[in-house]
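User: Hey, can you walk me through this one? I'd like the picture before I plan anything.

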Amino acid sequence: MRVKLRIKRFDGEGDREPYWAEYEVEAEPTDRLLDALHAVKWYQDGTLSFRRSCAHGVCGSDAMLINGRNRLACKVLVKDLGERITVEPLRGYPVIKDLVVDQTAFFQKYESVKPYLSPEGEPPARERLQTPEQRERFDDTTKCILCAACTTSCPSFWSNPDYVGPAAIVNAHRFLFDSRDAATAERLAGLNGTDGVWRCRTVFNCVEACPRGIDITRAIGEVKKALLLGRT
Amino acid sequence: MEPSSAGGRPRPTGGLELYAWLFMRVSGALLLLLALGHLALMHLINNVEAINFAFVAERWANPLWRLYDWFLLALALVHGFNGVRVMVDDYVRSPGLRVLSLVGVYGLTLFFLVAGSFVILTFQPMAGG
């Protein structure tokens, strides 16, 4: 099928304003949007820039605004998008070039929740054991691939870039509810401020955007509850 | 080795944002009941046309009704105030405008709370005649 791609382009080194560029490519209905973007970049216009790595929905590099929704270009099929497809960079971060945004702030927020296991005491001779139930408690939030689709779909984040954002809270949740972790108080304290979890207005855009199907608003709610009750 | 069930033990938390969040939920639930009660009393049980000075004076002769109306006033005002405060936090990013908006919001809320409480607490049916 012929597909018309309307891509919002911007070159930080030359352009003053972003502009819309249109391309027509031949695509199989079962092609992914990423294949169509490749067709443009490889055969029509090599200056088009976008990020992608694994191209199989695991690395989280190619999240972009596709037909008005945050999606992974490698996970969404052309037949589900129609013959006219608009592609824009993620909202809320400065555009470096075309579909590539500057994610420095995103990863700063991620680091702020200390996204690594902080156990107490001497390391045991073998693994730190955990029952299947204890593992299940935070299973959903282990699925995050840090693609930033959730945070850049969040109106609270759009209006206030200081908001820690859903992605960072999801990754805090992953350790907060881990029975082996001991940095709970420290993590919770960081999320209790004006720009922490209380900025979440339960808009649910993040849940809609997440390519991994993580129940993000529920995870944020569980962190709020942990703060309120003082226990996880 | 037995799997540890200890996990992290967070200290009890607090802070303005936490209590503001909790207040919004509790006051929202209370306001639903209070407002529905108010609606039933003023519009269903009594006809709007029957509500006049004498009606209010008679009702406020009972301090429990004054308390009811004061709770309705205070909860609705502070609930609305916190909503606006949060919107200012979200949307007003320039420091000067931010201070101005917050001073305005806090000031208006305090004024209406004091003025409303003054009326409810000091109302004298006899003086009005």
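User: Before we start, what should I know about the numbering and the model?
Analyst: It's a predicted model, where local features need pLDDT of at least 70 and side-chain atom pairs count only at pLDDT 80 or more, while totals for chains, interfaces and linings use all residues. Residues are numbered from 1 along each chain as its sequence is written, chains are lettered from A and ligands numbered from 1 in the order in which they are written, and side-chain values use heavy atoms, with hydrogens and water left out.

User: OK, the sheet in chain A. What's the strand order?
Analyst: The order is S2-S1-S5-S3-S4, five strands of chain A in an open sheet with mixed pairing. At the edges sit S2 (19-26) and S4 (69-72) of chain A, each pairing on one side only. From one strand to the next, the twist averages 35 degrees.

User: What counts as a strand, and as a pair?
Analyst: Strands (E, at least two residues) and helices (H or I, at least four) are DSSP runs numbered from the N terminus. Two strands pair if DSSP finds at least two bridges between them.

User: Which way do S1 and S5 run, parallel or antiparallel?
Analyst: Parallel: S1 (residues 2-9) and S5 (residues 84-88) of chain A share four bridges. A:Leu5, for one, has A:Ile85 in S5(A) as its bridge partner.

User: And S3?
Analyst: S3(A) pairs with S5(A) in the antiparallel sense over two bridges. S3 (residues 63-66) of chain A also runs antiparallel to S4(A), with four bridges. A:Ile66 is a handy landmark: its bridge partner in S5(A) is A:Val87, and in S4(A) it is A:Arg69.

User: Which S4 residues sit on the covered face?
Analyst: A:Asn70 and A:Leu72 in S4(A) do, while A:Arg69 and A:Arg71 are on the uncovered face. In a regular strand, side chains alternate between the two faces of the sheet.

User: Switching to cysteines. How many disulfides are there?
Analyst: Zero, over all chains. A disulfide here is a pair of cysteine sulfur atoms within 2.5 Å.

User: What about A:Arg212?
Analyst: A:Arg212 is in the loop between H7 (205-209) and H8 of chain A, and it is partly exposed at 33% relative accessible area. Leaving out residues up to four places away in sequence, A:Arg212 touches A:Gly57, A:Lys143 and A:Ile145. Contact means heavy atoms within 4.5 Å.

User: Now chain B. What's in it?
Analyst: Chain B has five helices and zero strands. Of its 129 residues, 29% are buried.

User: Where does H8 of chain A meet chain B?
Analyst: At H1 of chain B: A:Lys224, A:Leu227 and A:Leu228 in H8(A) meet B:Leu18, B:Trp21 and B:Leu22 in H1(B). The axes of H8 (residues 216-229) of chain A and H1 (residues 16-45) of chain B come within 11 Å and cross at roughly 105 degrees. That makes H8(A) roughly perpendicular to H1(B).

User: How are those angles worked out?
Analyst: Axes are lines fitted to C-alpha atoms, for helices over the stretch in contact, and angles run from 0 to 180 degrees between N-to-C directions. Angles of 65 to 115 degrees count as roughly perpendicular, under 35 as roughly parallel, over 145 as roughly antiparallel, and the rest as oblique.

Note on methods:
Buried < 20%, exposed > 50% of the residue type's maximum accessible area, 1.4 Å probe, protein only.
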